[in-house]
Amino acid sequence: MEQLPRTGGLQKKFFIALLIAGIVPGIAALIATYLYSTYSLKHSIGSSFQEIARSTAIRIAAAVDTEIDRAVQLASLPLVVRHMVESANRRYAGKSDAEVRRLLAAEQSAWNASDQGRPTGGSAYSAQTTAYLKDWVSRWGYYVRVVIADRRGAIVASTDPQAPYLNDHQEWWQEAMEEGLDSAYVSSLRLDPQLNDYVFEVAVPIPDTDRAEPIGTVGLVIRRAVLMDTILPIRVGATGHGMLLDTEGTPLICPVLPPTAHLIHAALLNQIARDPDWQIRGGPAVHQEPAVDLDRREDACQRHAGPHGSGQAA
């Protein structure tokens, strides 16, 4: 009796072939979907972090610009500031450099010995201007001192009687006097040992009546609290926070740790300097950092800053 050929082997092979033909493209599609989803998620996270840092940088720049504008407004007051500085400068008229140095040395000794911190070169105008400055400072709570200095760096008026009388060696006075009328000086944050807090300085020149040359300077020393208000609200997830960094990678403002407790590593800092685009990096924390330049220069007014800052979302 003739046996019929078995078809089970052929069906099995056909089924396996179909299975392989379906699984391989499916796996490839799953891998492609995973890679695309991962890339999209990273790009979305990076864009979100970038926007947070960019908007924070804009707020920081606006806060600094506000302080510059206030200093410029003070410098432009004709009676309280400019007239008083012109009166202070007139006492140098007709004197040699040696005579001016002796005059300033005597006034410095009188300033250091005075409880009220009042220069002997013109106590009447100093008292009026000082009273106005103290009232001006009382409107805000983050000014350490306001100083008005003449063209020799001597104080005309100050809200702080402990301020040094001669400021011609101070960087803020030098920059404001040397860089021209359309300039403003903004320092980096520095630790004030007496306050045990970080501060920064803003200085602008005082123009003469014809706006031909500077006749003195207005200097503000400001607590970092005015900048912290822009950093503290940043929240990224459950534990993320924002920081303000200088170009050395040292945190200037951090709501979690002291400024010296952690540093950004050099490789990432160099990446920020070369490329403003965002980088996604794995590890226990994801750092997204565009450069935030506090040395902002505009056509109307040059902003001179110390170490530039960076915004970081950690």
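A residue is termed buried under 20% relative accessible area, exposed over 50% and partly exposed in between, judged with a 1.4 Å probe and protein chains only. By that scale Arg223 counts as partly exposed, because its relative accessibility is 27%. The model is predicted: local features need pLDDT of at least 70, side-chain atom pairs count only at pLDDT 80 or more, and totals for chains, interfaces and linings use all residues. Residues are numbered from 1 along each chain as its sequence is written, and side-chain values use heavy atoms, with hydrogens and water left out.

**Overall architecture**

- The chain contains seven helices and 11 strands, taken as DSSP runs numbered from the N terminus (helices H or I, at least four residues; strands E, at least two).
- Of its 314 residues, 43% count as buried.

**Salt bridges**

- Nine salt bridges are counted, each requiring a side-chain nitrogen of Lys or Arg within 4 Å of a carboxyl oxygen of Asp or Glu.
- Asp150 and Arg91 form one of them, at 3.5 Å from N to O.
- This pair links distant parts of the chain, 59 residues apart: Asp150 belongs to strand E1 (residues 143–150), and Arg91 to the loop between helix H2 (78–90) and H3.
- Both Asp150 and Arg91 are buried.
- Asp197 is bridged to Arg223, with the closest N and O atoms 3.7 Å apart, and this links strand E5 (residues 197–207) to strand E6 (residues 214–223).
- Arg224 also forms a salt bridge with Asp197, where the closest N and O atoms are 3.4 Å apart.
- Arg224 counts as buried because its relative accessible area is 16%, and Asp197 is likewise buried at 17%.

**Aromatic pairs**

- The whole structure holds five aromatic pairs; rings of Phe, Tyr and Trp (its six-membered ring) pair if their centres lie within 6.5 Å, with planes under 30 degrees apart counted as stacked, over 60 as edge-to-face and the rest as tilted.
- The Trp111 and Tyr165 rings are a tilted pair, because their planes stand at 35 degrees, with centres 5.7 Å apart.
- Trp111 lies in helix H3 (residues 97–113) and Tyr165 in the loop between strand E2 (155–158) and helix H5 (171–178), 54 residues apart; both residues are buried.
- Trp136 and Trp140 have ring centres 5.1 Å apart and planes at 65 degrees, so this pair is edge-to-face.
- Trp136 is buried at 5% relative accessible area, whereas Trp140 is partly exposed at 24%.
- Ring pairs join Trp136, Trp140, Tyr142 and Tyr143 into a cluster.
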